Amino acid sequence: MSEEGSGGVLESIGSPLLWAATIVVLLGLLALDFAVTRRPHEVPMREAVSWTVFYLALPAIFGVFVWWAYGGTPAVEFFTGYVVEKSLSVDNLFVFMLLLAAFAVPPALAQRVLLYGIVGALVLRGIFIAAGAAVIASGAWAFLLFGAVLLLTAVKVIRDALRGTAHEIDIDSMRAVRMLRRLMPVAPDYHGSKLTTRIDGRRALTPMALVVAAVFMTDVVFAVDSVPAVYGVTEDPYLVFVTNAFALLGLRALYFVLRNVLARLRHLNYGLGLILAFIGVKLVLHWAHGVWTQVPEVPTLLSLAVILATLGTVTVTSMLANRRDRQLAAKV
């Protein structure tokens with residue numbers, strides 16, 4: 001993380017032309033996703049894997065382009081930020097999986113719900129990223145604030161994981177769902193991907209509208225965590241945006257690849273909590289370095305190594321715990 005931008009105008013590789021090209025490509029990819037999901041269908045594994053590979057290849061190609069055009073530092077920041085956002089987005093998938101089950105979403109409509117969630121997340125991330133850039137430009141104190149937010153979030157994530165309440169959904173307690181139910185009647189059944197329908201001549205919401213509202217509300221919570229986390233890797237608002245965009249774009253396909261694996265990643269939340277805590281400490285040290293230059297900063301390459309090692313460790317420990325449980329069950 002460079003010190004330029006710690007108050008004042010933030011340094012960025014994002015020229016107006018690069019921003020414009022990125023937005024055009026992003027809209028094109030979203031249009032492609034809407035075309036793919038236009039006809040509701042259950043997603044076979046082969047289709048999901050193909051799209052997942054495609055959406056993993058895009059950030060890899062983009063990272064190479066950043067390295068070639070702007071040098072190694074922004075490229076490493078991009079790849080590190082992408083790994084952080086992708087790991088946090090897997091946590092999104094846990095919640096999406098629970099929401100789809102809670103609202104009894106038909107399998108054929110699942111990918112359209114996920115796509116609505118991705119669009120909502122992109123819009124919210126854009127707003128939070130712009131707000132974050134404005135806060136950082138106002139002074140180095142912002143890094144202390146972001147660090148505190150991440151440390152508090154890390155404590156909550158680990159505490160919930162220890163209690164076994166990391167992923168619980170109560171749709172009746174969601175304010176957006178309660179408000180929509182008060183505003184309009186709700187149809188008892190899904191009507192394809194329609195958000196509204198007519199019942200006895202009256203306009204009514206479909207269950208699809210409720211699940212989309214619930215997904216949007218969870219997107220707000222995730223944006224509060226993920227945007228400060230990636231600002232802990234880079235101060236460049238453009239890189240913050242593209243790391244979020246690339247991490248979110250592949251979620252629709254990744255969900256269908258991982259839906260049978262997600263529940264087995266039992267230690268993932270411990271890893272995410274540790275990652276958030278690490279980045280929180282990194283941000284606090286960055287703020288402190290600006291006040292007392294003798295305070296060390298955490299290099300971005302070290303951040304990448306710590307994040308990858310943490311994710312690898314919790315994956316291995318989850319697999320070992322699952323194997324132990326299977327062996328115990330076999331003995332019973």
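Analyst: A definition comes before the cavity. A cavity is a set of grid points where a 1.4 Å probe fits but cannot get out, and lining residues have an atom within 4 Å of a point. The model discussed here is predicted.

User: Which residues line the largest cavity?
Analyst: The structure holds 1 cavity of 30 Å³ or more. The space in the largest cavity comes to about 30 Å³. Its lining is made up of T52, Y55, L56, K86, G250 and L254.

User: Which helix gives the largest share of the lining of the largest cavity?
Analyst: By class, this lining has 3 nonpolar, 2 polar and 1 charged residues. The largest share is 3 residues, and it comes from helix α2, residues 45–70.

User: What is the volume of the second largest pocket?
Analyst: A pocket, unlike a cavity, is an open set of points. Residues lining the second largest pocket include Y82, V83, K86, L254 and T315. The volume of this pocket is about 290 Å³.

User: Which helix gives the most to the lining of the second largest pocket?
Analyst: Helices α3 (72–102), α9 (251–258) and α11 (300–331) each supply at least two lining residues. The lining divides into 9 nonpolar, 2 polar and 1 charged residues. The top contribution is 5 residues, and it comes from α3.

User: How many helices and strands does the protein have?
Analyst: Read from the N terminus, the elements run α-α-α-α-α-α-β-β-α-α-α-α-α. The secondary structure comes to 11 helices and 2 strands.

User: What is the radius of gyration of the protein?
Analyst: The C-alpha atoms fill a box of roughly 70 × 60 × 40 Å along the principal axes. For 332 residues, a compact globule would have a radius of gyration near 20 Å. The value for the protein agrees with that: 21 Å.

User: What share of the contacts with a separation of 6 or more joins residues 24 or more positions apart?
Analyst: Contact here means heavy atoms within 4.5 Å. Among contacts with a separation of 6 or more, the share from residues 24 or more positions apart is 80%.

User: What percentage of the residues count as buried?
Analyst: The cut-off for buried is under 20% relative accessible area. Applied to the 332 residues of the protein, the buried share is 48%.

User: Which residues have the most contacts inside the largest nonpolar core?
Analyst: In soluble globular proteins, nonpolar side chains tend to be buried together. In this model the largest nonpolar core has 86 residues. The largest share of this core, 14 residues, comes from α3. The most contacts inside the core belong to F103, V105, Y231 and V242.

User: Which residues does V242 contact, leaving aside neighbours within four places in sequence?
Analyst: V242 is among the core residues with the most contacts inside the core. Beyond its sequence neighbours within four places, V242 is in contact with T22, F62 and F78.

User: Is A245 buried or exposed?
Analyst: A245 sits in helix α8, residues 237–249. Leaving aside neighbours within four places in sequence, A245 is in contact with L26 and L122. Its relative accessible area is 7%. That value is under the 20% cut-off, so A245 is buried.

User: How far apart in space are A245 and E42?
Analyst: In sequence, A245 and E42 are 203 residues apart. In space, C-alpha to C-alpha, the separation is 25 Å.

User: Why does T197 count as buried?
Analyst: T197 lies in strand β1, residues 196–199. Among its contacts beyond four places in sequence are A187, H191 and R202. T197 counts as buried because its relative accessibility is 11%.

User: Which residues does F278 touch, not counting those up to four places away in sequence?
Analyst: F278 is found in helix α10, residues 268–291. F278 and L320 are 42 residues apart in sequence and 25 Å apart in space, C-alpha to C-alpha. The residues F278 touches are V298, S303 and V306.

User: What is the relative accessible area of N322?
Analyst: N322 has its place in helix α11. Leaving aside neighbours within four places in sequence, N322 is in contact with R264 and R266. N322 is buried, and its relative accessible area is 14%.

Conventions: Residues numbered from 1 in each chain as written. Heavy atoms only, no water. 1 Å grid on protein atoms, 1.4 Å probe; cavity = no way out; pocket = protein on both sides within 12 Å on 5 of 7 lines; lining within 4 Å. Points joined across faces, edges and corners; volume = space filled by probe spheres on them. Helix = DSSP H or I, 4+ residues; strand = E, 2+ residues; numbered from the N terminus. Nonpolar A, V, L, I, M, F, W, Y, C, P; charged D, E, K, R; others polar. Buried < 20%, exposed > 50% of the residue type's maximum accessible area, 1.4 Å probe, protein only. Core = buried A, V, L, I, M, F, W, Y, C linked by side-chain atoms within 4.5 Å. Rg over C-alpha atoms; globule rule 2.2 N^0.38 Å.
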